[in-house]
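I opened this notebook to record what I looked up in the structure. The entries follow the order in which I consulted it.

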Amino acid sequence: MHQPAQGNSVSRRNFLKYSIYGIGGLISAALAVPLVRYFFSPALGSAEGGEWIVVARKSDIPIGQPTLIQYEDRKIDSWIVTTHRKSAWIVTQDGQDFVVYDPHCTHLGCPYTWMETGEENKGQPHFHCPCHEGIYAIDGTVISGPPPRPLDRVLSQVEGDAIMVKDAVILGRAEKG
Amino acid sequence: MKASRNGRGGWLEERLDLRPLLSPLFDRKIPAGVGWFYTLGSATLLTFVILAVTGIFLSMNYSPSPDHAWDSIQYIDDQVPLGSLIRGIHHWSAAAMVLLVFLHMLRVYFMGAYKYPRELTWVVGVFLLLLVMGSGFTGYLLPWDQKAYWATTVGTRIAGAVPLIGEFVRKTLIGGPEVGPATLPRFYALHMLALPILIALLSGFHLFMVIRQGISAPPKRKEPSS
C-alpha cells in the first residue's frame with residue numbers, strides 16, 4: 001500500500017500543503033475579486049451627469065404662445081436625492097421645434113412674464129421683466145432695457161410627443177446676422 | 001552570502017531569516033486526538049478577518065446619519081456593483097461569528113480546556129465574547145430600519161432596567177434620552193473602530209497564550225474505579 005515516492009510524484013505531505021494553499025487561495029480570490037470590483041466601480045461605470053426630465057407634451061404648447069411650465073427637477077447623487085421645483089418658458093412657432101427658456105431675466109435674475117400687449121414693444125407681444133423693464137422678443141433677443149444678453153435656454157430635446165429638459169442652461173448669445 | 005540557518009528557503013527567507021521566528025508559531029506539536037472541534041477558534045478568527053475586510057469596504061458607501069443611513073444601504077444593495085454580495089458576506093459572517101464563538105466556548109468548557117495553566121486564556125476569551133456580542137448589537141442598528149431601531153430601543157432598555165445605574169448606562173449607550181440622531185454615529189464608531197480594535201488586540205493576546213501554552217490535550221476517559 002505505502003508506495004515509495006517515484007520520480008516526480010508528489011509526496012503526501014506536499015499534496016496536503018498544495019491543497020491547503022489551493023483552497024486558501026480560492027477562498028481568498030472569491031472574496032478579493034468582488035472587493036476589487038466593488039472598489040473600482042466608480043471608475044468603471046459609464047454614468048453621465050443629469051437625466052432627461054419630461055416637462056411637457058407637444059400638444060400642451062400652443063403655437064406662437066409662450067407657455068410657462070412647472071416641473072420637478074429630481075437629482076439622484078449616490079444615495080442623496082434632492083428635488084427642486086423649477087419652471088421654464090416653452091416657445092414653439094411651428095409645433096415642431098421647441099425652445100425652452102430659463103425663466104430668469106439675464107440682467108439680475110428676476111422672473112419675467114409674457115405680455116400679449118403693452119407699449120414697450122410698440123404694442124407687440126413680448127417678454128417683460130418688471131424689475132428694470134427688460135424687454136425681450138419671442139425669440140429671446142433683447143429689444144430694450146438693461147439685459148446684457150438674450151434669454152438663457154435650458155438644454156432640451158423632443159422625443160415623440162415629449163418635451164424633455166436636462167439640468168443645463170445655455171447662456172443666451174446674440175446671434176449676429 | 002549567508003544562507004538561512006537550516007540552509008533552505010527562497011529569496012525572502014534568505015534575506016529575512018524568518019524560519020526561526022515562524023517555526024515555533026506554525027510547527028507546533030499537536031496532542032493526539034485533536035480534531036475538528038479544535039478548529040472553531042481559527043474559524044472564528046477567519047470570520048473576524050472577513051468582517052473587518054468587508055466592513056472597510058462597506059464603510060466606503062455608508063452614511064451614519066439618520067437622514068441617509070437607510071438610503072446609503074439601499075445604494076450599496078442596488079447600485080454598487082456586487083455591493084449586495086459584500087453586504088451579504090458581512091451579514092452572514094457576523095451571524096457565523098456569533099455562532100462559532102459560542103461553539104468554541106462550549107468546546108473549551110466541555111473539554112475542560114480552561115483549566116490550569118489556561119485560566120487567563122479563558123478570561124480573555126470571555127471578554128472577547130462580550131466584544132463580539134457588542135459588535136453584533138451595534139452593527140444591527142446601522143441599517144436604520146424599523147427592526148434596527150426597535151431592537152436597539154429594546155436592547156438598551158434592558159440595560160436601563162438594571163437597578164441604580166440602569167438609566168446611566170442606557171443613556172450612555174445611546175447618547176441621549178432616546179434612540180435618535182446621536183445614537184447612530186455612536187454605534188457606528190463603536191462598531192467600526194473601538195470594538196474591532198479591542199477584538200484584534202485581545203484575540204492577539206488570546207492566540208499568543210494558545211501558542212505559548214500549546215493546545216490542551218483532549219480529556220481522557222477515567223477508568224471506572226469500582
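**Entry 1: loops of chain B.** I looked up B:Pro117 and found it in the loop between α5 and α6 (119–141) of chain B; helices are DSSP runs of H or I with at least four residues, strands are runs of E with at least two, and both are numbered from the N terminus. The peptide bond that leads from B:Tyr116 to B:Pro117 is cis, with omega near 5 degrees.

I next turned to B:Trp144, in the loop between α6 and α7 (146–160) of chain B. Its phi is near 55 degrees, a positive value in a residue other than glycine. Is B:Trp144 buried or exposed? It counts as buried because it has 23 C-beta neighbours inside 10 Å. By the definition, a buried residue has 20 or more other C-beta atoms within 10 Å of its own, an exposed one 12 or fewer, and a partly exposed one a number in between, with C-beta atoms placed from the backbone.

B:Leu164 also has a positive phi, of about 65 degrees, although it is not a glycine. I located B:Leu164 in the loop between α7 and α8 (166–174) of chain B. B:Leu164 counts as exposed because it has 7 C-beta neighbours inside 10 Å.

**Entry 2: basis and confidence.** I note that this is a predicted model, in which local features need pLDDT of at least 70 and side-chain atom pairs count only at pLDDT 80 or more, while totals for chains, interfaces and linings use all residues. Residues are numbered from 1 along each chain as its sequence is written, and chains are lettered from A and ligands numbered from 1 in the order in which they are written.

pLDDT is the predictor's confidence in each residue, from 0 to 100. For chain B its mean is 92, and 96% of the residues reach 70 or more. Over residues 1–5 of chain B, pLDDT stays under 50. Where pLDDT is low, the predicted coordinates should not be read in detail. For the complex, the predictor gives an ipTM of 0.85 and a pTM of 0.80.

**Entry 3: the contact between the chains.** I found 15 residues from chain B and ten residues from chain A in the contact; two residues are in contact if their C-beta atoms, placed from the backbone, lie within 7 Å. On the side of chain B that touches chain A, the elements giving two or more residues are α3 (40–59), α4 (69–78) and α5 (83–110) of chain B. The largest share of that side, four residues, comes from α4(B).

**Entry 4: helix α3 of chain B.** I compared the length of α3(B) with expectation: its 20 residues should span 28 Å at 1.5 Å a residue, and its end C-alpha atoms are 28 Å apart, which agrees. The expected span is 1.5 Å times one less than the number of residues. The buried residues of α3(B) include B:Gly41, B:Thr44, B:Phe48 and B:Leu51. Against what do the buried residues of α3(B) pack? They pack against α1 (12–44) of chain A, together with α4, α5 and α9 (183–213) of chain B.

**Entry 5: chain A.** I read that chain A is divided into domain 1 (7–45) and domain 2 (53–170), with bounds from an automatic or database domain assignment. The C-alpha centres of these two domains lie 60 Å apart.

I also noted that A:Val100 touches, among others, A:Ala88, A:Ile90 and A:Val165, not counting residues up to four places away in sequence.
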